[in-house]
Amino acid sequence: MVEVFKTNVNDHLIAQQVLDKMEFEYKELDASFDLDDCDKIFRICTVLPISGIRENVCKIFEELGSVAIPLEDELTLAEPIITNSNSAEKVVINSILSFF
């Protein structure tokens with residue numbers, strides 16, 4: 001599963017501290033920052049149940065004087081762009097377009 005957080009981390013040193021602590025506590029977890037993003041994104045990817053990890057991530061950020069807010073999933077489906085096709089083709093095309 002993948003979880004994405006909006007953070008207030010601007011400092012590469014703090015980002016590395018978060019990554020080190022996450023790696024220490026969760027060996028099966030991949031974590032990364034995108035500090036160039038306007039929301040200072042922190043991502044985790046794991047096969048473990050995400051609910052307990054989500055709460056712990058927020059605590060780790062708080063311990064380091066920062067904030068992490070889980071972002072909710074937002075799935076929007078594209079409007080059909082092909083009108084002379086059967087409905088199975090439209091479903092496939094809309095499913096593909098929803099990822100972009």
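This is a predicted model: local features need pLDDT of at least 70, side-chain atom pairs count only at pLDDT 80 or more; totals for chains, interfaces and linings use all residues.
Residues are numbered from 1 along each chain as its sequence is written, and side-chain values use heavy atoms, with hydrogens and water left out.

Q: In what order do the elements of the protein chain run from the N terminus on?
A: Helices (H or I, at least four residues) and strands (E, at least two) are DSSP runs, numbered from the N terminus. The protein chain has 3 helices and 4 strands. Read from the N terminus on, the order is β-α-β-β-α-β-α.

Q: What percentage of the residues in the protein chain is buried?
A: A residue is buried under 20% relative accessible area, exposed over 50% and partly exposed in between, with a 1.4 Å probe and protein chains only. The protein chain has 100 residues, and the buried share of them is 26%.

Q: In which order do the strands form the open sheet?
A: Two strands pair if DSSP finds at least two bridges between them. Strand 2 (30-34) and strand 4 (68-70) are the edge strands, each pairing on one side only. The pairing in this open sheet is antiparallel, and the order of the 4 strands is 2-3-1-4.

Q: How many bridges join strand 2 to strand 3?
A: Strand 2 and strand 3 form a hairpin with 6 residues between them. Within this pair, Ala-31 stands opposite Ile-44 in strand 3. The two strands run antiparallel, and the number of bridges joining them is 5.

Q: Over how many bridges do strand 1 and strand 3 pair?
A: Opposite Phe-42 in strand 3 stands Phe-5, and opposite Ile-44 in strand 3 stands Glu-3. Strand 1 and strand 3 (residues 41-45) pair in the antiparallel sense, and the number of bridges is 4.

Q: At about what angle does helix 1 run to strand 2?
A: Axes are lines fitted to C-alpha atoms, for helices over the stretch in contact, and angles run from 0 to 180 degrees between N-to-C directions. Contact means heavy atoms within 4.5 Å. Helix 1 (residues 12-25) lies across strand 2 and strand 3, and its angle to strand 2 is about 170°.

Q: Which element gives the most residues to the lining of the largest pocket?
A: A pocket is found on a 1 Å grid over the protein atoms alone, as an open set of points where a 1.4 Å probe fits, with protein on both sides within 12 Å along at least five of seven lines; lining residues have an atom within 4 Å of a point. Residues of this lining include Met-1, Ile-50, Arg-54 and Asp-73. The elements that give two or more residues to this lining are strand 1 (2-7) and helix 2 (50-63). The greatest contribution is 3 residues, and it comes from strand 1.

Q: How many residues of this lining are charged?
A: Asp, Glu, Lys and Arg count as charged; Ala, Val, Leu, Ile, Met, Phe, Trp, Tyr, Cys and Pro count as nonpolar; and the others, Gly among them, count as polar. The lining has 6 nonpolar residues and no polar ones, and the number of charged residues is 4.

Q: Is Glu-3 buried or exposed?
A: Glu-3 is found in strand 1. Not counting residues up to four places away in sequence, Glu-3 touches several residues, including Phe-42, Ile-50 and Leu-71. Because its relative accessibility is 8%, Glu-3 counts as buried.

Q: Why does Asp-11 count as partly exposed?
A: Asp-11 has its place in the loop between strand 1 and helix 1. Its C-alpha is 8.4 Å from that of Leu-35, 24 residues apart in sequence. Asp-11 counts as partly exposed because its relative accessibility is 37%.

Q: What is the relative accessible area of Ser-66?
A: Ser-66 is placed in the loop between helix 2 and strand 4. Among the residues that Ser-66 touches, not counting those up to four places away in sequence, are Asn-8 and Phe-61. Ser-66 is buried, and its relative accessible area is 7%.
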